[in-house]
Amino acid sequence: MNRELAIQRGRRVLAVAASCQNQLFIQPLRSKAGWVCFAIVIALLGWWYFAFGGELIRQTNLDMTRSDQLAMMRLAAESESDILPFRSNYVQPLWPWLSRVVMSGDEDNFFERGRWLNLWIGFGMWATLACVAAWLLAPAQGIVVAVVYGFGVMLQRAHFFHPEPLLYVFFGGTVFFMAATMARSKWRDHAGWGICFCLASLAKGSTEPLLLVFAGATVVRLIFGKLVASAEGWSAGRHFAGAALAIGCAAVIMAPNLWFKWQTHGDPFFSPAKYWMWCDDWDTEAYPLTPKIQTRAQRDAFPPGELPTAKNYIAQHGWDHARERWSSGMNEMVSRFILPTRQWERTMKPRMTGGSASRGEADQVWNYMLPARTVYIGFLLAAALILWIGRSCILRQRPAFSAHELTWVAMAVALFAGYMALFGWYAVIGRGERFSLTLHLPLLGFALWWVTQAVRRIDARWRDVATMVCSITTLYLIWNAVAQLLRMTRNPLFGLGV
């Protein structure tokens, strides 16, 4: 009798544990009590985020003339009376226009207050994204976004007087809304990607290739729609009409800036980066070129074959030089995106490195916030792949992929490959991670979605095993990231390059 009672109690405990595991890792967050607990976790992480952010502001990025920050501060002063963000030079207008709310006549004071404002913007954005992930996926996935994206990406860049926090989220929003239009033909999704696209463009350039990704994804969607199951409510005609709506929304919001560029530079899509990218060095070629290309008359005054363009670059350097530049830059950007420290062990278990006394650094400093941030995406993708393969090969269940899900795979691959190719070419002008980190939010979102969907679609008899795979992977990511942050908390000394 006692043995039977113990077995029953054990089964009840296992049932409760399985239910809790399901609610934490698989089921979307809906209960009020759950949201209260989730809000408390986000608040605690927010306090930690600002504690680190304050140290980063005090210790790093002390030179406002570095990385275009002074140019953005001066553009903010020029935009003081502008109702809309339209005024730009070689930097885009959105962040300087927003930073006016903390503008001060003292540049040092404005610089510090602007960096704090950027930290707050970054916090608001990653906290919102974490709530969206919890609502659509599960609470644990929301915590992954908060920890990995909030600390590993936002905190890495938000303490600069830079538009990256705005760019990263609006770029990611564009990708997600574009992906949504491949599953359903809803006007709000098309309008969403149009608005996010133009805001990302106003924050910083390099968003235009997303239009090619969208066009390619549309072709893939049409092809897969003929071969596999298609989502209900999707219409090709409504999709193209929605794309026109998106482009119209973007054009209306960007019109003041396009008109300003036409009046000032003689080109509504003017950007010095269009000419910088055909230079081989920043200090000796690109930077001196900038004041010489500001107007159409200046650009027309260049002797034939001298203005940096693709045609002139190939004519001057040849295809072999171009191929070598692209391949070396591609290798650098991909390797730094995946393993910033260039070593697997230091990425997963980072340690302090020697600081530079001549630069005012401590003897030992941290150079990255969560360098394993992209490896975490790889773990999620591996878990999803294991579950899909297990379902197909072991359980003999054919995965029921829909047309839009296959299209999302194509979008993710094209997004990574295409942008890494572009960043690789541009690496000689703009080295570093602030470009490649643009891809982190879309890839993290896709990975979290796929691993969650893999569990939800597996046979009920194997659901607990699949849930265990998902939960172990997710818990490991959170544990590894939090362990790294705790080590930094004990000794919060950072290098100037963070």
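## Notebook: charges, rings and burial

I began with charged side chains and counted eleven salt bridges, taking a salt bridge to be a side-chain nitrogen of Lys or Arg within 4 Å of a carboxyl oxygen of Asp or Glu. Side chains of opposite charge can pair when their charged atoms come close. I noted that this is a predicted model, in which local features need pLDDT of at least 70 and side-chain atom pairs count only at pLDDT 80 or more, while totals for chains, interfaces and linings use all residues. Residues are numbered from 1 along each chain as its sequence is written, and side-chain values use heavy atoms, with hydrogens and water left out.

**Entry 1: the whole protein**

I looked up the secondary structure and found 19 helices and two strands; helices (H or I, at least four residues) and strands (E, at least two) are DSSP runs, numbered from the N terminus. Along the principal axes, the C-alpha atoms fill a box of roughly 95 × 60 × 50 Å. Of the 498 residues, 51% count as buried, where buried means under 20% relative accessible area, exposed over 50%, and partly exposed in between (1.4 Å probe, protein chains only).

**Entry 2: salt bridges one by one**

Glutamate 55 is partly exposed at 23% relative accessibility, whereas arginine 58 is exposed at 54%.

Which residue forms a salt bridge with glutamate 164? I found lysine 204 there, with the closest N and O atoms 2.6 Å apart. This pair links distant parts of the chain, since glutamate 164 belongs to helix H7 (residues 164-181) and lysine 204 to the loop between H8 and H9, 40 residues apart. Glutamate 164 is buried, with a relative accessible area of 0%, and lysine 204 is buried as well, at 19%. I also noted that Glu164, Lys204 and Arg434 are linked in a network of salt bridges.

Aspartate 320 and arginine 323 meet in another salt bridge, at 2.9 Å from N to O. Both lie in helix H14 (residues 310-338), three residues or about one turn of the helix apart, and aspartate 320 is exposed, with a relative accessible area of 58%.

**Entry 3: aromatic rings**

A pair of aromatic rings is described by the distance of the centres and the angle of the planes. Rings of Phe, Tyr and Trp (its six-membered ring) pair if their centres lie within 6.5 Å; planes under 30 degrees apart count as stacked, over 60 as edge-to-face and the rest as tilted. By this rule I counted 37 aromatic pairs.

The rings of phenylalanine 52 and phenylalanine 151 have centres 6.4 Å apart and planes at 85 degrees, so this pair is edge-to-face. Phenylalanine 52 lies in helix H2 (residues 32-59) and phenylalanine 151 in helix H6 (residues 139-157), 99 residues apart, and the pair links these distant parts of the chain. Phenylalanine 52 and phenylalanine 151 are both buried. Ring pairs also link a cluster whose members include Trp48, Phe52, Trp120, Phe151 and Phe494.

I then looked at tryptophan 193 and phenylalanine 214, whose ring centres are 4.8 Å apart with planes at 40 degrees, so the pair is tilted. Tryptophan 193 lies in helix H8 (residues 187-203) and phenylalanine 214 in helix H9 (residues 209-227), so the pair ties together parts that are 21 residues apart in sequence. Tryptophan 193 is buried at 2% relative accessible area, and phenylalanine 214 is buried at 8%.

**Entry 4: charges over rings**

A charge sits over a ring if NZ of Lys or CZ of Arg is within 6 Å of the ring centre and within 35 degrees of the ring normal. Arginine 157, which lies in helix H6, sits over the face of phenylalanine 160, at 4.2 Å from the ring centre. Arginine 157 counts as buried, at 8% relative accessibility. The charged end of arginine 325 sits over the ring of tryptophan 425, 4.0 Å from its centre.
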